[in-house]
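Dear colleague,

Please find below the structure that I am handing over to you. My notes on it follow directly after.

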Amino acid sequence: MAVIALVGVPGAPGVTSTALGLLRMWPVEHGRRVLLAECCPDGGAVLAGALQSRLTADRGLHNLAASRRSVSLQDAFWTQLVRISDEDRRDDPTRMLLPGLTSPSEAAGLAPEWGAIADLFVGIDRIEEHGHDVLLDLGRNGAFGPARVLAQRADLVLLVMRSTLRSLHMAAARARMLTALLDGEGRRSGRLGVLLITEGPYAAREVEEHLQVPVVASLPFRPQEAAVLSDGAAEGKRFRESKLMRAVLDASTPIRQRVATQRARLASPLHQRMMGGPGAR
């Protein structure tokens, strides 16, 4: 399994569209599922955006705190999921959404729960018969404050940004904050990467040099196609074959490879000795 968090930069939207695109195009092997959880404290966007309010807001993250009064977090969690299908996969049970908060005011009630929610995401394969990959939409602010534990526990954190000067400027400070959050005791974790939307003049190499963070994958700037994901625009019969969605599918490969590499590094005897784990003498 993998837990992958997506984080945005101020003034450069695109995190939720990217996360939803990954949910729809993520390769799902037999017996596995992929889950997108909207965990931005500013509120979720998929129900009113991509789904155009076709579903009522009676399920989602905002109900978890209230549900825990009567059942366990684990039991409450599974009742809050929504299946996500498209024109080609009307009965697809493998892609699920945990809708986000309906108002920023609801974030305070979840503050004591973020640690338990992070534990659930990380350990989800131990409590369900299906294997899961988990995508976390942290928006612009979910990697900081009480919800920061979600980023800290993720296998990979992707900073979603555009290749414009404005986005590069904003991303520099955000990358430093995320590096400090993820790198414990002065050790570089390697868990931070960039998912670059190629709107501006800066190439991936220039972004890497400026931020000192690797660009894991790139997506084209295709606002009309992205509007299907952000605002529920009509997608047409060949939307899945569009340039944007083909790029999203291609991006899933280096993202998964980076998670696998990171997990292999963490499991190595050398890393265990450095961290004082089971491999230490």
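A disulfide is taken here as a pair of cysteine sulfur atoms within 2.5 Å. In general terms, a disulfide is a covalent bond between the sulfur atoms of two cysteines. Please note that the structure is a predicted model, and that the values below are computed from it.

With that cut-off, a search of the whole structure finds 0 disulfides.

Regarding the overall architecture, the chain contains 12 helices and 8 strands. Of its 281 residues, 49% are buried.

I turn next to the charged pairs. How many salt bridges does a search of the whole structure find? The search returns 9, and three of them are described here.

One of these is formed by Arg24 and Glu235, whose closest N and O atoms are 3.1 Å apart. This pair links distant parts of the chain, since Arg24 belongs to helix H1 (residues 15–25) while Glu235 sits in the loop between helix H10 (223–231) and helix H11 (243–267), 211 residues apart. Arg24 is buried, at 9% relative accessible area, whereas Glu235 is partly exposed, at 24%.

Another salt bridge joins Asp155 to Arg263, with 3.0 Å between the closest N and O atoms. Here too, distant parts of the chain are linked: Asp155 is in the loop between helix H7 (148–153) and strand S6 (156–162), and Arg263 is in helix H11, 108 residues apart. Asp155 counts as buried, with a relative accessibility of 11%; Arg263 is partly exposed, with a relative accessible area of 33%.

A further salt bridge is that of Glu199 with Arg162, the closest N and O atoms being separated by 3.1 Å. Arg162 lies in strand S6, and Glu199 lies in the loop between strand S7 (192–198) and helix H9 (204–211); the two are 37 residues apart, and the pair again links distant parts of the chain. Glu199 counts as partly exposed, at 34% relative accessibility.

Finally, I would draw your attention to Ala175, which is found in helix H8 (residues 165–182). Is Ala175 buried or exposed? Its relative accessible area is 3%, and Ala175 is therefore buried. Which residues does Ala175 touch, not counting those up to four places away in sequence? They are Leu159, Leu192 and Val213. As for Gly193, which is 18 residues from Ala175 along the chain, the C-alpha atoms of the two are separated by 9.0 Å.

With kind regards

Notes
Residues are numbered from 1 along each chain as its sequence is written. This is a predicted model: local features need pLDDT of at least 70, side-chain atom pairs count only at pLDDT 80 or more; totals for chains, interfaces and linings use all residues. Side-chain values use heavy atoms; hydrogens and water are left out. Helices (H or I, at least four residues) and strands (E, at least two) are DSSP runs, numbered from the N terminus. Buried means under 20% relative accessible area, exposed over 50%, partly exposed in between (1.4 Å probe, protein chains only). A salt bridge is a side-chain nitrogen of Lys or Arg within 4 Å of a carboxyl oxygen of Asp or Glu. Contact means heavy atoms within 4.5 Å.
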